[in-house]
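Colleague: Could you take me through this model? I would like to know where each label comes from.

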Amino acid sequence: MNIYSYIALIPLLPLATFLLLGLFGKKYFSSISGILGTFTLAVSAFISLAVAYSYFFVNGKVDGVFQQIIPLKYTWLTFSPNVSIDMGIVIDPLSVMMLVVVTFVSLMVHIFSLGYMKGEERFATYYAFLSLFTFSMLGLVLSTNIFQIYMFWELVGVSSFLLIGFYFEKPSAVAAAKKAFIVTRFADLGFLIGILILSFHAETLDFQTLISRLTDTQSTQLMGITTASFMGVSMLTWGLTLVFMGGAGKSAMFPLHIWLPDAMEGPTPVSALIHAATMVVAGVYLVARLFPVFVFDAAALTIVTYVGAFSALFAAIIACTQTDIKRVLAYSTMSQIGYMMFALGVSGKGGEEGLGYMASLFHLFTHAFFKSLLFLGAGAVIHLVHSNDMKDMGGLRKHMPITHITFLIACLAIAGIPPFAGFFSKEEILTAAFHSNKLIYVLAVFTSGLTAFYMFRLYFSIFWNKEAHLHGEHHGEGTLSMKIPLIILGACALLAGFVPIADWVTSDGIALETHIDIVFSILPVALAIGGILLALSFYKTENSKSDKIASSLNGFYQAAYHKFYIDEIYLFVTRKIIFNLIGRPAAWIDKNIVDGLMNKMASGTAVISEKIKGFQSGKTQEYALYFFLGIISLSALFIYIIK
Amino acid sequence: MNLNLLILLPLLTAIAIMFCNGLKQVRLAALLGSGLQLLLSFWLLYSFYQERAAGNSTQMLFDANYTWFTALNINYHIGIDGIALAMIILTSMVVISAVLVSWTMESMNKEFFFLLIFLSMGAYGFFISLDLFTMFFFLEVAVIPKFLLIGIWGSGKKEYSAMKLALMLMGGSALVFVGLSGMYFNSNIDGAHSFDLVQLASFRIPVDAQMIFFPFAFVGFGIFTALFPFHTWVPDGHSSAPTAASMFLAGISMKLGGYGCLRVATYLMPDAAHAYSGIIILLSTIAIIYGAFATMMQTDLKYINAYSSISHCGFVILGIGMLTETSITGAVMQMVSHGLMTALFFAAIGMIYSRTHTRIVAQLGGLMKVMPFISGVFIIAGLCSLGLPGFSGFVAEMTVFMGAWQNTDAMYRLATILACASIVVTAVYILRAAGKAVMGPITDDHYKHLPDATWNEKLAAGILISGIVVIGIVPFWLTSLITPGAQEIILQTGQALMLK
Amino acid sequence: MNEINITDILLVSTALFFVGVYGFFTRRNMITMLMSVELILNSVNINFVAFNKYLFPQNLDGIFFTIFIITIAAAEAAVAIAIIINMYRSHHSVDVEDATDLKY
């Protein structure tokens, strides 16, 4: 009997909360639903930490290598004798780290929401949905089976849909929820086909077996999947690329990112949990989970690299121009996930080669803390000023000191200023990129300068700039339950960089020696400081410098402000092409051609009957005439023709 | 366990209803009868498991054979396997919820409930028949009352729809009958022709006869299950029918066709099934994709669900056409799942319509605020329809996909990918409908005072939802029921391949 | 006494038959039509009697048949006239063109 026996409780407790609150919450526990949800999640988080401790420090390692442990596995749905969906739990460094991140951030968000969502009519429903999300996300990270991950993948999608559309009376929220679900669903189509390809060739859906079969150069399965090709590309590349498409959709990588900024319509704590710290990194998690197979296929990995790097830069540029603070944060999330993606892309497997893998997950770990902190801070700000727009803010530092300090910490962390958390993980990513691909390195360093600029643009616009003019009564910084998570997460953003992820989460389970090279760090840190100084000069006080720059870059600025018109392109494709060129004709053909044919058959029968009914005239003499003619012709027939 | 009870019980209920007076007595009798049906079907499930556990591995259990018409060698031969049992349970669940949602049916209630229960008798008879002639007999029993149900209690252009539905289904029956007669006259069992399904399966009809009569039987049954391009009765029929009839029509009637395609056409004429599988897959893929796109353009909730039924029933035909054990299991699961889900959808639409008196999506809005239960039902049905894990739609569709992918031929792969792509389109139309009708601001002031679901509606929805969720969460119960039946069918078609 | 040639008899009966048919087709008055029908029946009677005499003089079948036909014709006339009277009562006409209610 060890701690792993309780591990199933981690996802099941939130599930129980969901069922309880979802079915009876509104009637019976409306007032205590928040406390109930938070408490059960605290238990989950505690078990997760205990599991992490036990795994990393006590019994995870055999001969210095972290082992994969599968404490639970049940066959759930059998497709054919060796292909089945198994529901199980996997314990390895990757899943344990995710477990801690998810439960911890979720707990913080639960606590924060106690104050933030207070007085909402659908308070219990909100906590039910949060629990549903946490359950799905935990199920996702614990999956032993590629189809299990797909199932939870869909479930996190739907909980995200429900939470984005939480204010369902706002048409914009409903539209955003729909958009998020449909775009990720489209990406999941790729994921599903990828699963079909991989599972068909590997003859299994189980991660462990799949990985071992597709990484063994002697196996018939690997031979089969690499020799089979479609359009000149091997099935392995197809399968992995399509799986990555699913990941890119969930992780808002270009060009499937369009749902993420709109998803900010949801309540802010939800954005912090789902659209910053946990769900959006599912794509990174997926690629990391299948990383041993990705390493075998340079083409797929190259796609991951370039998509990640491009998204990082692209999102950073857009973030510099947005004025909605949550949208700035959304683009910054996309940019940071881009970092994680290309870090995986430039990585190899094993030892020093695997630095990128470790760096990516390290960044995932630190990012979760400072990004959820930024969102919660933004939530607190929005709570106070009742607006998302930067133009309505300014000079808030005196009104909300705790938010101000923690927000500053988070900004320093994301900008990569030592000794804050982001510095360490970003340094590892840059090192990995430097050793593998110089172009990516240049892009990444440039992006990190931009990151510092737009984050501090945000910071100064909210807390400095003009004087605060809060009208009417306002309730200060919010309740204690809103301050506590900010402080805890602030501490994490400060200290998470010192967590020895490199010792734990590596591509081959063996601890990795890392060292920060001072000479190497000078350039990115200098750029970051440069970015901060630029933002300082533009936005610390009200002035028109930034407008001048913007107008001098007019075309480009406008393009970036309009998010490079990607939304418009999508709208064009869906409205004009899919609706007008496929949907409408399909409906038209159905109504007029297919159904028309049926109706024509019916009316044709009627027409014929109309034509021949004249014979039934009711005139006795005519009948007699026909009768007579009939007799004559029949007689003639029998006498002269048929003898 | 005597399977005759399944026919006797609805018959007695229907007769009892004729002797009742007033809505209260009638609906009580109907509820009692359909409740007993539900119990009976679960008791059947229990005894089925008992028999299997006791080691009885014959294909058809509870077999009984009575001579009906000696001269033509027609017997009343009944028996069930797991597939039939799954369909029987589906029927009983849909029937009881159909009775419950028609609880306040005022006009001509006696006749209404009589026809509804009578229909269920036809469905049960069809599923338990092992003789093609009695099967056909019950198929007809399950067609005619629908004409009356739509023509009398329907809405909109009901006469047109009722006539269209009856004529197209009769056309289907005619084709089916040609197919059945073809099989009959080409069979030779101990020197006599036979309609017996078990005997015909072991006899194996000559291949050239199969090639002629398979299309008749398959297309005939296909019309029942909305095979493209014979699907146009579906939207009109469903939208004009009263709620309970829509539920029955989409939940059970369309499954009669799928079951017939599988049990009669494919099982008895496996060589032809292989030969024609390309065409079947082509038609079903068209139905899936085109049905989905056509749904996107609909504005009436019932039309949306009717068109999406075309798309979803396409998966049934696709699974049958793919001819792998997994895909056929998936096809049967899809039948059960779609039956429950679409009945739930129609129930929700009926509840909304009876309150707001409109089904046009653009006129609805914000119903979540005023009737959270009904809106929740609507959203659950929608999520099941778009294949969310945890609901039955997901397992059924994924099983079809996994089974379909086992065919390595490029065209089959393409068909599978297109079928997968349709789930994205499904998400689009479901969310558009839900986003407008259920969410968003309230569009009409008088909606604000509409009542939420009553107990009977809650019970009806609860029965269907529990079915959907149980299949979604423990699909292995259902697959353990279906897979042996699917194996038997694949064994036939597998032999067909070897003979080639 | 000279035998009358059978062709002559048949000519008469054929003429009678076609006169009856012509009358039946062209006359609109129902009574006249009934009379035409009688003519047709009588032409058949002539044929029966003639063939009986020339082919099977020892048998009386043809004669019997003729008597049958005469009887039935009498009954038929009774029924037909009853119909015509009823028709006259409801339609105030015995014109067959007015009795076209039984159509499509």
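Predicted model: local features only at pLDDT ≥ 70, side-chain atom pairs only at ≥ 80, totals over all residues.

Colleague: What makes two chains count as in contact?

Modeller: Two residues are in contact if their C-beta atoms, placed from the backbone, lie within 7 Å. Two pairs of chains are in contact, and chains A and B share the most contacts. That contact takes 35 residues from chain B and 34 residues from chain A. On the chain B side, α18(B) gives the most, with eight residues.

Colleague: Which classes of residue make up the side of chain B that touches chain A?

Modeller: This side has 25 nonpolar, eight polar and two charged residues. Ala, Val, Leu, Ile, Met, Phe, Trp, Tyr, Cys and Pro count as nonpolar, Asp, Glu, Lys and Arg as charged, and the others, Gly among them, as polar.

Colleague: What about chain C?

Modeller: No contact joins chain B and chain C. Their closest C-alpha atoms lie 21 Å apart.

Colleague: Why is chain B called as compact as a globular protein of its length?

Modeller: First, its make-up: chain B has 20 helices and two strands. Helices (H or I, at least four residues) and strands (E, at least two) are DSSP runs, numbered from the N terminus. The radius of gyration of chain B is 21 Å, close to the 23 Å from the globule rule for 500 residues, so chain B is as compact as a globular protein of that length. The radius is taken over C-alpha atoms, and the rule is 2.2 Å times the number of residues to the power 0.38.

Colleague: Why are α9(B) and α12(B) called oblique?

Modeller: Helix α9 (residues 207-224) and helix α12 (residues 270-296) of chain B pack at about 60°, with axes 8 Å apart. Axes are lines fitted to C-alpha atoms, for helices over the stretch in contact, and angles run from 0 to 180 degrees between N-to-C directions. Angles under 35 degrees count as roughly parallel, over 145 as roughly antiparallel, 65 to 115 as roughly perpendicular and the rest as oblique. Therefore α9(B) and α12(B) are oblique to each other. Their crossing is right-handed. A crossing is right-handed if the near helix is turned clockwise from the far one by less than a right angle, and left-handed if anticlockwise.

Colleague: What makes α13(B) roughly parallel to α17(B)?

Modeller: Helix α13 (residues 301-322) of chain B packs against α17(B) at about 30°, with axes 9 Å apart. So α13(B) is roughly parallel to α17(B). The crossing is left-handed. Among the residues in this contact are Phe315(B) of α13(B) and Val400(B) of α17(B).

Colleague: How do you know that β1(B) and β2(B) pair?

Modeller: Strands pair if DSSP finds at least two bridges between them. Strand β1 (residues 61-69) and strand β2 (residues 74-80) of chain B have six bridges, in the antiparallel sense. Asn65(B) stands opposite His77(B) in β2(B). The two strands form a hairpin with four residues between them. In the turn, Asn73(B) has a positive phi of about 60°.

Note on methods
Residues numbered from 1 in each chain as written. Chains lettered and ligands numbered in written order.
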